[in-house]
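Visitor: I should like to learn how to read this structure. May we go through it feature by feature?

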Amino acid sequence: MAILYKCRHCKQLLGTINQDVIDAKLLGFQALSSEDRKEMIQYVENGDIEIKVICEDCQDTLEHNPHYHALDSFIQ
Ligand SMILES: [Zn+2]
């Protein structure tokens with residue numbers, strides 16, 4: 001079982017955590033609202049968990065091109 005951190009825009013894999021037992025509390029999930037959780041966290045069929053984050057490249061792009069905020073996946 002692994003936790004995969006992926007950029008929500010360019011789908012780049014930013015990091016993985018491998019753990020036999022994943023404690024949602026350790027990951028700070030409880031600090032998120034259930035809406036955020038639904039948006040950020042996806043359970044993959046093989047038992048992995050995907051966390052949608054934003055990579056530095058996309059963060060940069062967004063900062064310099066604020067109108068891209070309106071488009072969910074501007075990099076394909
Ligand atoms: Zn990205």
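**Reading the sheet**

Guide: Strand 1 (residues 2-7) pairs with strand 4 (residues 49-53) in the parallel sense, over five bridges. Two strands pair if DSSP finds at least two bridges between them. Helices (H or I, at least four residues) and strands (E, at least two) are DSSP runs, numbered from the N terminus. The model is a predicted one, in which local features need pLDDT of at least 70, side-chain atom pairs count only at pLDDT 80 or more, and totals for chains, interfaces and linings use all residues. Residues are numbered from 1 along each chain as its sequence is written.

Visitor: Which residue of strand 4 is the bridge partner of Tyr5?

Guide: The bridge partner of Tyr5 is Ile51.

Visitor: In which sense do strand 3 and strand 4 pair?

Guide: Strand 3 (residues 41-43) and strand 4 are antiparallel, with three bridges. Here Ile41 stands opposite Ile51 of strand 4. Ile51 is also the bridge partner of Tyr5. The two strands form a hairpin with five residues between them, and Gly47 in the turn has a positive phi of about 100 degrees.

Visitor: How is strand 1 joined to strand 2?

Guide: Strand 1 and strand 2 run antiparallel and are joined by five bridges. In strand 2, Leu13 is the bridge partner of Lys6, while Gly15 stands opposite Tyr5. The C-alpha atoms of Gly15 and Tyr5 are separated by 5.1 Å, although the two residues are 10 apart along the chain.

Visitor: In what order do the strands lie in the sheet?

Guide: The order is 2-1-4-3, in an open sheet of four strands with mixed pairing. Strand 2 (13-18) and strand 3 stand at the edges with a single partner strand each, so one side of each is left without a neighbour in the sheet. Neighbouring strands are turned by 20 degrees against each other on average, direction ignored. For such angles, axes are lines fitted to C-alpha atoms, for helices over the stretch in contact, and angles run from 0 to 180 degrees between N-to-C directions.

Visitor: What is the sequence of elements from the N terminus on?

Guide: The elements run β-β-α-β-β-α, and the chain has two helices and four strands. Contacts give a further view: two residues are in contact if their C-beta atoms, placed from the backbone, lie within 7 Å. Among contacts between residues at least 6 apart in sequence, 48% join residues at least 24 apart.

**Reading the loop and the burial**

Visitor: Is Lys11 buried or exposed?

Guide: A residue is buried if 20 or more other C-beta atoms lie within 10 Å of its own, exposed if 12 or fewer, and partly exposed in between, with C-beta atoms placed from the backbone. Lys11 counts as exposed because it has 12 C-beta neighbours inside 10 Å. His9 also has its place in the loop between strand 1 and strand 2, yet His9 counts as buried because it has 22 such neighbours inside 10 Å. The C-alpha atoms of His9 and Cys55, 46 residues apart along the chain, are separated by 8.2 Å.

Visitor: How many residues of strand 2 are buried?

Guide: The count is zero among its six residues, and strand 2 is hardly covered. Gly15, whose place is in strand 2, is exposed, with 10 other C-beta atoms within 10 Å. Of the 76 residues of the chain, 1% count as buried.

**Reading the confidence**

Visitor: Where in the chain is confidence lowest, and where is it highest?

Guide: The value to read is pLDDT, the predictor's confidence in each residue, from 0 to 100. Where pLDDT is low, the predicted coordinates should not be read in detail. Confidence is lowest in helix 1 (residues 34-40), with a mean of 87, and highest in strand 1, at 93. The mean pLDDT of the chain is 82, and 79% of its residues reach 70 or more.
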